[in-house]
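Work through the exercises below with the structure in view. Each task is followed by a solution in steps.

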Amino acid sequence: MPENTILGNVTSDVISDQQFEYMRLISQIMQDRKRGDKPVAYIRTYGCQQNVADSERIKGMLEIAGFEFSETVDDADFILFNTCAIREHAEDRVFGNVGALKSLKRKHPQIVIALCGCMEQEHIANKMYKSFPFVSLVFGTHSLHRFPQLLYHTLADGKRVYERDNDDKKVYEGIPVKRDGTFKGWLSIMYGCNNFCTYCIVPYVRGRERSREKSLILDEARQMISAGYKDITLLGQNVNSYGKTLADKPTFAQLLHEIDSIDGDYWLRFMTSHPKDCSKELIDTIANGTHISKHLHLPFQSGSDRILKAMNRHYDRKKYLDIVNYAKEKIDGVSLTSDIIVGFPGETYEDFKETLSLIREVEFTSLFTFIYSPRVGTPAAKMDDPISAEEKSKWFRELLDVQEEIAAKRCASMVNNTEKVLIESETGKNGELSGRTSGNIIVELKGDKSLIGTFQNVKITQARNWILKGELV
């Protein structure tokens, strides 16, 4: 693809040759700085799958620069934490783990410690700069394509580099990738978010929506399928908004259909899907798909219209249920999952009970549930929040009890079914493996580890809340 191709109001660029030259120069510098036979990098990723995908690109650039990778910091020459800003707990973990590196840096001064990702908004970066002088490199999500240049200047100049570029008008292609898995993989289709939910920091740290050109996504999907990937997840902050920044305005449903049309033995998933943009066209595409998982993750966050409005979610309870009921009607055996925030500022117990009633009505397979965490810089952080943390915790426990009962019932209904399962890992129990169904439900079974990375037919023999037990057919 030619450089500087205009795609609607977004420009698509290719990572420059200069960045590959920086990778070569880093390789030369590290010959004198490495502690072992080869330079070693340790990458720790926090947060969402998009952060995982970003880390795989950082690893791709480091691999070209001659690095090997370690699972521990002890023998690393370069240590990077790819951070998450969604909740305060994630930030606290990063601060704690970075602080623990002080003694290692004192023992080996040549080690480079770096941070990147969503935490690097201004007030956090300033805190890092003052509190952790042994951190040499800090950069945000928009500077990923310039990582080799930033690392080179850190190494060559011996100075601390803090980069917080914020370019919302470009998508950078051609960044090398070193994927963590061999049969499960992430495929980014767009970046950024335009929704500005009042509780969410993502639009501020990842910028505006920017879609990748469809032909490039299709090429990457074909490469992954040819390489043997069995479970491919399309990534975006709101995949249902895909294509709006492109000249020909393809819809997400159209993209999904074209990927699904590629021959091969694989499952196709996607996340995250925003209810306000979830169309009947998309539901029909899933229902008629050959490879598309019969699993729809559709975060509703609250069952109360009043709270949804305060959250700036742009849908109400009725619209959400209309989408869900259409999916149940059209997609045979659909598995529905969602996200919920408990204790949003101003939420009352009556509002919370509307969330419980929606959960009971939909009967989700599983839920990702969170107690509200204020984020500096978001409108919700300035809202009155009179309900105590103790009371919110009681609501949270009540919600979990309701969902556990529903999940147990749904899983019990699958006993004696035969399901296609992708075997993913060993459980750590003697001779037992763990896998997932198309609906993203965990199945544990006896089997040889040689089955990892393959599809197997499994008869479900037992249900334990949200986990199924089975045996190979």
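**Exercise 1.** Describe how helix α8 packs against α9.

Step 1. The axes of α8 (residues 214-226) and α9 come within 10 Å and cross at roughly 30°. Axes here are lines fitted to C-alpha atoms, for helices over the stretch in contact, and angles run from 0 to 180 degrees between N-to-C directions. Helices (H or I, at least four residues) and strands (E, at least two) are DSSP runs, numbered from the N terminus.

Step 2. The angle makes α8 roughly parallel to α9; angles under 35 degrees count as roughly parallel, over 145 as roughly antiparallel, 65 to 115 as roughly perpendicular and the rest as oblique.

Step 3. α8 and α9 cross in the right-handed sense. A crossing is right-handed if the near helix is turned clockwise from the far one by less than a right angle, and left-handed if anticlockwise.

Step 4. On the α8 side, Lys 214, Ile 217, Leu 218 and Ala 221 make the contact, and on the α9 side Leu 255, Glu 258 and Ile 259. Contact means heavy atoms within 4.5 Å.

Step 5. By class, the α8 and α9 contact has 5 nonpolar, no polar and 2 charged residues. Ala, Val, Leu, Ile, Met, Phe, Trp, Tyr, Cys and Pro count as nonpolar, Asp, Glu, Lys and Arg as charged, and the others, Gly among them, as polar.

The model is predicted: local features need pLDDT of at least 70 and side-chain atom pairs pLDDT 80 or more, while totals for chains, interfaces and linings use all residues. Residues are numbered from 1 along each chain as its sequence is written, and side-chain values use heavy atoms, without hydrogens and water.

**Exercise 2.** How many disulfides does the structure hold?

Step 1. There are 0 disulfides, a disulfide being a pair of cysteine sulfur atoms within 2.5 Å.

Step 2. For Cys 116, the nearest cysteine sulfur is that of Cys 118, 9.1 Å away. Cys 116 is buried, at 3% relative accessibility. Buried means under 20% relative accessible area, exposed over 50%, and partly exposed in between (1.4 Å probe, protein chains only).

Step 3. Cys 278 has its closest cysteine sulfur in Cys 197, 15 Å away, which is too far for a bond. Cys 278 is buried as well, with a relative accessible area of 10%.

**Exercise 3.** Locate the backbone features at Thr 272, Lys 249 and Glu 363.

Step 1. Most residues other than glycine have a negative phi, and most peptide bonds are trans.

Step 2. Met 271 and Thr 272 are joined by a cis peptide bond, with omega about 0°. Thr 272 lies in the loop between β14 (267-271) and α10 (280-288).

Step 3. Lys 249 has a positive phi of about 50°. This residue sits in the loop between β13 (231-235) and α9 (252-260), and is partly exposed at 48%.

Step 4. Glu 363 has a positive phi near 60°. Its loop runs between α13 (349-362) and β17 (366-371), and Glu 363 is partly exposed, at 26%.
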